[in-house]
Amino acid sequence: MIKISKGGYHYNGKIGIHDINLTINQGDAVCIMGPNGAGKSTLLKVMVGLYSLESGTYLFNGTKIDQAFLKDRKKIGKFYQQFGFVFQNSEIQLFNMSVYDEIAFGPRNLGLDPATVEQRTMDCLRLLKIERLRDRVPYHLSGGEQKLVAIASVLAMNPNVIILDEPFNGLSPKYRNLITQIINQLRAAGKTIIISSHHFNQVRDLVDKLFFFSEDHTITREVAIDELDSLPNYIEYLDNL
Ligand SMILES: Nc1ncnc2c1ncn2[C@@H]1O[C@H](COP(=O)(O)OP(=O)(O)OP(=O)(O)O)[C@@H](O)[C@H]1O
Ligand SMILES: [Mg+2]
């Protein structure tokens, strides 16, 4: 589904990611790990088409995603609809005047009828246990509440690929557990899940595979979760990441 080969991206001459090789298949659940500033968020933004690679190639279901593709208004709609992306600083993705409208925005944009929009919005408020926030202004919510609203607004669009950049940051244990449960339900429903996290313990039961960035902005290792038991030193390394 997602295949990146020799992928590179710079910010004004500064390396974001380089020489990235990775394949993610439909239904996979993976975690991108690595130290601060390594390139995790940059890679996720490339996957969803916010940035286009400057070197190498990105294929999504066999289609080359490059600058020409991302400028083609007729094609990008379907591509963008595949993804639900929760930003690391999720407050920047909230722009509506109420939590209800924030969550309803995506379903309305998909052209769904009002009853379905209402149904999906209420379902997502319940799923994230944030019914009490429905009439609040997203901008005024706490950081953790904003994260929950961002996740609800992404799930309301029922995307095929769900990308969560540091979804547990700023959440209390109760909500971390809830997000864990929701991710497991999404996995069981066959969604493709891509998470970035520093916290191995939070993701070890959630994903099948880990990709590791090193400090020099590239992925240096790919490990299946069930291989980890045979790599005890690696677990210690992960705990200190
Ligand atoms: N908008 C930007 N302008 C310039 N440099 C940037 C920008 N965004 C990221 N970078 C740089 O690109 C590199 C990769 O950043 P990125 O945000 O992808 O890292 P990350 O692995 O997500 O880090 P963190 O764990 O702190 O979220 C870093 O060196 C960062 O300083
Ligand atoms: Mg990041």
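**Entry 1: ligand 1.** I sorted the shell around ligand 1 by class and found two nonpolar, eight polar and two charged residues. I note that this is a predicted model. Next I listed the residues. Ligand 1 is surrounded by Y11, K14, G16, G34, N36, G37, A38, G39, K40, S41, T42 and Q88. Two elements, β2 (14-24) and α1 (40-47), each give two or more residues to this shell. I then asked which element gives the largest share of the shell. The answer is α1, with three residues.

**Entry 2: helix α4.** I moved on to α4, which covers residues 99-109. I looked up its buried residues and wrote down V99, E102, I103, A104, G106 and P107. What do the buried residues of α4 pack against? I found two partners, α5 (114-127) and α6 (143-155). I also checked the chain just after α4. There G111 takes a positive phi of about 80°.

**Entry 3: L128.** I looked for L128 and found it in the loop between α5 and α6. Is L128 buried or exposed? I counted 24 other C-beta atoms within 10 Å, so L128 is buried; the cut-off for buried is 20 or more. I then searched for its contacts, leaving aside neighbours within four places in sequence. L128 is in contact with L148, I151 and A152. Last, I looked up the separation between L128 and M33. They are 95 residues apart along the chain, and 25 Å separates their C-alpha atoms.

Terms used:
Residues numbered from 1 in each chain as written. Chains lettered and ligands numbered in written order. Predicted model: local features only at pLDDT ≥ 70, side-chain atom pairs only at ≥ 80, totals over all residues. Near = placed C-beta within 6 Å. Helix = DSSP H or I, 4+ residues; strand = E, 2+ residues; numbered from the N terminus. Nonpolar A, V, L, I, M, F, W, Y, C, P; charged D, E, K, R; others polar. Buried ≥ 20, exposed ≤ 12 C-beta atoms within 10 Å, placed from the backbone. Contact = placed C-beta atoms within 7 Å.
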